[in-house]
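Please find below a colleague's note on the model under review. The points are numbered so that each can be taken separately.

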Amino acid sequence: MRTRRDPRAERQAKLVPGTARPRFLVGAAPAGFANAGAATGPTGRPRRDPRASRAAAVVRTAPRLRLDWTNKGQASLAIGTAQAAAAVKAAVRVIEEPAFLVLAVLDQPGGAPSDHDRQLIAGARLLADAGGGAVVAVTVEGVSGLGEAGADRLLALPADLAEGYEPERHAAAVLAAIETLKPRHVLFAESADGGADLARRVAAALGERLFAGVEALSPDRASRRARGGAAEMARAPARLMSVAADALPPHEGTVHEARTIPAPAFEAERRIGAVRPLAVDPDLIPLTETDFILSAGNGVTDWEGFAELARVLGATRGGSRVVCDEGHLPRERQVGASGSLVRAGCYVAYGIAGAPQHLQGITEVKRVVAINTDLHAEMIKRADLAIVADAQEVMPALIRHALERRAERQGKERRNA
Amino acid sequence: MLKVAVLLSIGRHPASGRPRRAPLDARALELALRLPGAEIHAVHAGDPAEPVLRDYLGMGLDRLTVLEIPAGSDPVPALVAHLKALSPDLILAGRCAEGGEDSGMLPYLVAQGLGAALLPDVADLSAGEGTATLTQALPRGRRRQAEARFPLVVSVHPAAPEPRQSAFARARRGLVEAVAASAPQDGFIGECEIRPWRPRPKRLRLAAGGSALERLKAATETKSGQGQVLVRPTADEAARAIYEYLVEQRVIGTS
Amino acid sequence: MIATALSSLILATLAAGAVLALQHARRWRAGQPAGVDIVAGLKALPGRYLVDVHHVVARKSFNARFHALTAGGFLASLPLLVLAAVPALRGWLLWGLLALALAVMLGGALMVGYRRRVEKPAELSQGRFKRLPYALLAYAAAFLVVALDQLAGGVLPWPLALAFVLAGAWGGAELILGVGRGPLKHALNGALHLVAHPRPARFHDRAGRDTGLRPADLEAPKLGSERPLDFAWNRLLGFDACVQCGRCEVACPAYAADLPLNPKKLIQDLVTAMDTAADGERRTDASYAGHNHPGRPIGLAQGGAALPLVGPGAMIHPDTLWACTTCRACVQECPMMIEHVDAVIDLRRFQTLELGATPAKAAAVLEELRVTDNPGGKPLARRTDWAVDLNLPLLAEKGQCDVLLWLGDGAFDLRVQRSLRALVGLMRRAGIDFAVLGEEELDSGDVARRLGDEATFQDLARRNIATLSRYRFGRIVTADPHALHVIRNEYPSFGGHWTVTHHTAFLLELVESGKLTLKGPTGGSVTYHDPCYLGRYNGEIEAPRRLLDAIGLQRVEMERSGLRSSCCGGGGGAPLTDVAGKRRIPDVRMDHARATGAERVAVACPTCTLMLEGVVGQRPAVAEISELVLEAVA
């Protein structure tokens, strides 16, 4: 007996719920498919929903429509998020028999790998992947997470190298690693935290040229800035290179195995000793060097309070021209076209309206906090955080707040200890 | 008496491209001139007819030795040979010599050639018996002190004291002493392709993650901030907002 | 017998005075040689005295009157007293004339007494000068009594008459011997200075104005002046002519803002140092009895004729030297025609060229100038960045033009660019055939020269002259009075001769010739601030005022204006050397502007614009004249 088919019911059964237009899943329908998410078809294949992806790409609608079609944003919508993440996690790339090695000598200021270090590994990855090589990250003991950054091997040097300042020993350790591993390329971080120094020590000891401060890198070409910044010098990637900060993107996508390999023994003569960090009063750091400036303008009247505020925040004091003219701050504290051109990470403009000459002095500053009574002041426009208030009135509250928070922190530390 | 050699190169002004004293080498010379009772030997490898060399003399030097080598050749062997004969206690040079490759290798190669110790990024120094006490400049205004034995090569950091003004009359009176030297042609630079530097777009740190709006913001953000504005908050609100922001920016430590 | 005593005492005093004056002349004669045409100077002396000196003195009419009476009476009395030595001439005529001269002098002496003892202007020096009115009175009154007595045939008892003679003789000795040491040094040295003046062209018998600095010989064994002895003798003579009248002190903008500079004391520092023997003897400034450089104690500075003048412990503190804005207000006011600014520049030349001791940012700016030909160290191609939309014609492309617009270094500044745009707009409207040098224009060298860096100045001047010589153009128009002064007055020494017009004069021409038509009165009040380098340096004070009147603004004058205007504080590299005072010079000047109640301050110089606009607080708006004219054109 032939079973009777009910085409309507079948059709209804194949209807995929949750989409705007009726969609049907033809073919074998596994049980419970109706529960499957909208973005994944019952077969497990990812499904596209052009409307949803367009909606997700909308950055803003007014005054004009703006769309952002870079894949990264869409990925989470086009592919099921959890599944995509799982897929990436699963794919640990293992390079068992590398054709050659590329060393990335990490900088690790303060012990942990920095963004610069990740860029370095990415650079090494680039060179390694071009010919089936493997990346060896030269790090110190106790560092993890470099597999995600793109390292195939880890060569861990003694941890005390990262703590003290022994550039000669550090160089000897890296030299020993180069001697043993015979890498095709060695990449260093061109950083003032020690990477630049290490690269040059190693290069000098090997008697090889260092292609220093690489700004752009591809498997067949590396380029750097030379002649006081006026010229670009390019050639095939050298054996020893140091990479400038933010020149390369960090590695993404694949995870590498980061297998630990043994560090070779080394020894070094010590000619530098009695190393100790000097306590530096933040207020005595020259404006051009400091990273955090508290700068006063016409809105400040209580100068003792201002000094106190700088002290509790740990900032270097600066000031506008008028303030320095009036003698509240010495001339070398003046920020602006006729004073210092500063490049601090954070600049707190305290009661500064923002004359063009002053703004010229802070063009290189990354973040600006402004406190000013005038909403239309130029400095408020320039600021990343702008407070329209009387700077002088906020001062005692800010001092109090900073002291309270510090006391809290210290209390917590004591409890932890 | 303390014997100090200062290695001087010729810099180029970034705006005009004209030769000038290299700012870092001038700082090295300034540090040397501040050492009490030091016997200073200033050395340059290059063309003795370069008029800008006199700017160093104008800082108060009586004479300047120029190892005469052709342009584009490697100055290191000539410098090492000259310094071996001179055997100074202390050799000062800018962190990065200008005019050649600008790789900052010169102090290291000289130290290697002489078998001397090297300390980089020095902002200040004082000399004792057989050793020097040096202050190193680290990022973000930090300082570190170290001691090192002579012979010592020191590379000088931009945080070192401003070089004194070069006086025209002293520059005119000083003596440039040319010494013939041999130098191998530098093949490495010859392999390189050199062209004018073109500024390239800055790589954004916030390339991945975040919402599309955040990424667009990061990509289009100009220096005229588009930040948060608090209008007429109370003093406490304002204080909290500022403090939180500073903590968020890791300007103030949280630990 | 009384007559004999009288004339012999005077003769003896005159002889002593002559010896003293000769001795003192050795001080300034020890200076460097100078090519001086003594004969021509002597011929010109009366004219220079009666016209040029009188013109300065007469700015205070009371002073001019008492000076004429006192000096006239005194000078007339001296030959008469000498003639009285001849018994045959002692008659009623002689005594009558003498009495007349002394009576005139007595009138003047009373006025001097009134000024010194009653009015007591603060700028006058005390010390030896305190006794001056008494000496004048004693001489005039006592000898008047004696002359009248002789006229009457000797009615006074002889001891009394002799007492009068002695009293008068004390006064005479005080005056005549004072010719050597002061207070009446100026009578002799002043006259000699007029004869041997280092800038004869500044007097009415020549050009009437001579403000360009003299080129320094860069091959000389010593550049600039280190010690008093390094100055030329006629310049030392000039310093020695100073009467310490304090007019420069009143006029000096640095002194007004309490910067450590008093031009009167500066000259006296030079004189005190000169007073020592040339063998290295030291002397402090303790004998000086006037106002010091503000903020500095008297008695600590010490120096000598053969010792360095400038230094922290020397006669002149570096801050004093570098506080000067070279505005020439002191020179303008000096009745002795002393050239203060030349002295300052000579001292600065030594500091900069020989010692490399230019202070603060100034040294860095000089280095940038040397390497990039502009003080900001910017690429020269960016000088015309602000005008990309204006399509400024380049002289290099046009080859020739009527008017070469010299942009100056202000073109790198955002604020000044605004006024330059206004000027270019006006020139376009008027249909002027103009062009700019663009990248080929270098800094004029003004700042370098005022900071004493003659080497950099000469280099810039020579290269600018070489560039300008390659082209054909009618004249140069510039909005920068500093460039105007340098090209007009200082380039000729290096072979560059061009007609330079300030843009205010040029715009006035355009308005008056009808090339620019005005809308009619724009209204509003304005006060005009004269740039020193246009007014005092070049005598151009009328054109800007007529231009403001033409566009229908209600013009009010400040307390100081025209040739006696007060500086904005921006000249002579003063913003770079940045010497601190109690106030800032532009703040002081803005006070003058505020006091007029005008809505706007009109300026005609990029430096003045920047300095006055840097004043904070309630103040009149600062507008460049070309901006005002642009508002007013139809």
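1. Conventions. This is a predicted model, in which local features need pLDDT of at least 70 and side-chain atom pairs count only at pLDDT 80 or more, while totals for chains, interfaces and linings use all residues. Residues are numbered from 1 along each chain as its sequence is written, chains are lettered from A and ligands numbered from 1 in the order in which they are written, and side-chain values use heavy atoms, with hydrogens and water left out.

2. An open sheet of 10 strands with mixed pairing runs in the order 15(A)-8(A)-7(A)-6(A)-9(A)-13(A)-10(A)-11(A)-12(A)-12(B). Its edges are strand 15 (259–261) of chain A and strand 12 (193–196) of chain B, each pairing on one side only. On average, neighbouring strands are turned by 35 degrees against each other, direction ignored. Strands are DSSP runs of E with at least two residues, helices are runs of H or I with at least four, and both are numbered from the N terminus; two strands pair if DSSP finds at least two bridges between them.

3. Strand 12 (residues 231–235) of chain A pairs with strand 12 of chain B in the antiparallel sense, over four bridges. A:Met233 has B:Ile194 as its bridge partner there.

4. Helices on the sheet. Helix 8 (residues 167–181) of chain A packs on the sheet and touches strands including strand 8 (153–157) of chain A, with whose direction its own makes about 145 degrees. Helix 9 (residues 195–206) of chain A lies across strand 6, strand 9, strand 10 (210–218) and strand 13 (240–243) of chain A, running at about 145 degrees to strand 9 of chain A. Contact means heavy atoms within 4.5 Å; axes are lines fitted to C-alpha atoms, for helices over the stretch in contact, and angles run from 0 to 180 degrees between N-to-C directions.

5. Salt bridges. Over all chains the structure holds 90 salt bridges (a side-chain nitrogen of Lys or Arg within 4 Å of a carboxyl oxygen of Asp or Glu). C:Asp240 forms one with C:Arg27, with the closest N and O atoms 2.8 Å apart. This pair links helix 8 (residues 233–240) and helix 1 (residues 2–29) of chain C, 213 residues apart. Both C:Asp240 and C:Arg27 are buried (under 20% relative accessible area; exposed is over 50%, partly exposed in between, with a 1.4 Å probe and protein chains only). The side chains of C:Arg470 and C:Glu440 also meet in a salt bridge, at 2.3 Å, N to O. Here C:Arg470 counts as exposed at 53% relative accessibility, and C:Glu440 is partly exposed at 23%.

6. Where does C:Asn189 lie? C:Asn189 is in helix 7 (residues 185–195) of chain C and is buried, with a relative accessible area of 6%. Leaving aside neighbours within four places in sequence, C:Asn189 is in contact with C:Trp28, C:Leu237, C:Asp240 and C:Ala241.
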